[in-house]
Every structure is written in structure tokens, then in C-alpha cells.
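Trainee: I would like to go through this model with you, pockets included. Can we start once it is on the screen?

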Amino acid sequence: LLDIIADSRCDIEQINNIQGKVSLQISYPIISDVLLLSKARKNVEKIMSTILGKDVVFRMQNRSVGSRRFSICDSVGNVIVPSLDSLSTGQMALFSLFTTIVRYADYNDINTSFNLDKIQGIVLIDEIDLHLHSKLQRTVLPKLMILFPKVQFILTTHSPLVLLGLNEYYKESVDIIEMPYGNYISVEQFK
């Protein structure tokens, strides 16, 4: 997360022109790179916005402001979450999981990782329901998965809420396989 935030920032320098006017310019990196790296930051903010159910941005404070340098704010700067420590275990688990998908895409091809809908792969998650509040299981998890339409998710769960949510958001594109025999079942048959 800190890499993404640091990458989306730029170095600004003061320029004095011949007429004595002062202006600012980006000295590093070039503006097109800043815009592209800012898109990566917006993608991670989109993941957190989905988890929290409201549009958020990440803010870094100056070190002199207080003990917390990082916070999650609404679009006008009001602090919603004062630090990552303030998130629930389930919220942190989902954030970590889905930003890890972006990070692996970043390692593979940085240009693809700027577009969540272009990231491809297979993600295996054992016991996805672990530490997730019922709303995170039924509503948030499917919404996060939809952000990655070219990723195939293979999940295990003991929770009917996960299956109900996936069935609601994905309709016909979910296969539920009861183990250990490998039988295809419907949500209603889950036990």
C-alpha cells in the first residue's frame, strides 16, 4: 500500500522565471507516469471503497501532524478510518487479499495492473468466510470479485451466506461443488 501511495506522488520544484514570477513544476517522474501511477492508487482505493461501502481516498499526513500518518477519508477529506488498525479483521483480510491480486499482476505486467478488468489469473482461497462479518460474506465479497472479471476464483466455504451472495451477483456463472464427492449442487442443496 505504501509503495502505491509513494509511487502516485511526485517531486515538485519551484521555478523562478526571467520576469521574477514563481511557478511550480513536476521534477520527477514525468507527468504521464504520475497519471498512470495515480490510476493504480485509485484502483486500490476502489477496493477499499467496495469494502467500506462508500467512496474513499487514502491520505498521507505530514509527520508533524500527529501520530497517524495514514488515514482513509471521504472525498472532501473527512477521516472515516483513522488508520488501518481501525479496520476489522475481515475488512483487512479482504483488503489484503484483493490488493495482493493487484500486486501479483503488477509483478507480472505493470501495464495490466493499472486496469482491474484486464488482470487475469486463478485465485484459490481456502475458507473465504473466515473472520468475515455476514455483510462482508454476502455482499462485499461478490462485489470485490466482480472488479476482476478475468480472474477465476476457486473458494472453499462453510457459509451459506457466501454462496447466496455469489449466486445473487453472478447468477449462472457459479458452480457449487459439494465435497468430498465432487457433486454439483444448488445453493438450496448446500448443507
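Trainee: Which residues lie nearest the centre of the largest pocket?
Mentor: This is a predicted model, in which local features need pLDDT of at least 70 and side-chain atom pairs count only at pLDDT 80 or more, while totals for chains, interfaces and linings use all residues. Residues are numbered from 1 along each chain as its sequence is written, and side-chain values use heavy atoms, with hydrogens and water left out. On a 1 Å grid over the protein atoms alone, a pocket is an open set of points where a 1.4 Å probe fits, with protein on both sides within 12 Å along at least five of seven lines, and lining residues have an atom within 4 Å of a point. The lining of the largest pocket has 26 residues, and those nearest its centre are Phe153, Ile154, Leu155, Asp175 and Ile176.

Trainee: Which element gives the most to the lining of the largest pocket?
Mentor: Elements here are DSSP runs numbered from the N terminus: helices are H or I with at least four residues, strands are E with at least two. At least two lining residues come from each of α5 (134-146), β7 (151-155), α6 (160-170) and β8 (176-178). The top contribution is 5 residues, and it comes from β7.

Trainee: How do the lining residues of the largest pocket divide by class, and what is the pocket's volume?
Mentor: Ala, Val, Leu, Ile, Met, Phe, Trp, Tyr, Cys and Pro count as nonpolar, Asp, Glu, Lys and Arg as charged, and the others, Gly among them, as polar. On that scheme the lining has 18 nonpolar, 5 polar and 3 charged residues. Grid points are joined across faces, edges and corners, and a volume is the space filled by probe spheres set on the points. For the largest pocket this comes to about 800 Å³.

Trainee: Why are the buried residues of α6 on the same side of the helix, and which elements do they pack against?
Mentor: Buried means under 20% relative accessible area (1.4 Å probe, protein chains only), and in α6 this applies to Val162, Leu163, Gly165 and Leu166. They share a side of α6 because their arc around the axis, taken from the directions from the helix axis to the C-beta atoms, is only 165°. With contact meaning heavy atoms within 4.5 Å, their packing partners are α5, β7 and β8.

Trainee: Which element gives the most to the lining of the second largest pocket?
Mentor: The second largest pocket holds about 250 Å³ of space. Its lining has 15 residues, with Ile101, Tyr104, Ala105, Ile119 and Gln120 nearest the centre. Two or more lining residues come from each of α3 (89-108) and β6 (121-125). The leading contributor, with 6 residues, is α3.

Trainee: Is Ser27 buried or partly exposed?
Mentor: Ser27 sits in strand β2 (residues 22-28). Leaving out residues up to four places away in sequence, Ser27 touches Asp11, Ile12 and Glu13. The partly exposed class runs between the buried limit and exposed, which is over 50%. Ser27 has 37% relative accessibility, so the class is partly exposed.

Trainee: Which residues does Asn78 touch, not counting those up to four places away in sequence?
Mentor: Asn78 is in the loop between β4 (70-73) and β5 (79-81). Its relative accessible area is 46%, so Asn78 is partly exposed. Beyond the excluded neighbours, Asn78 touches Ile72 and Cys73.
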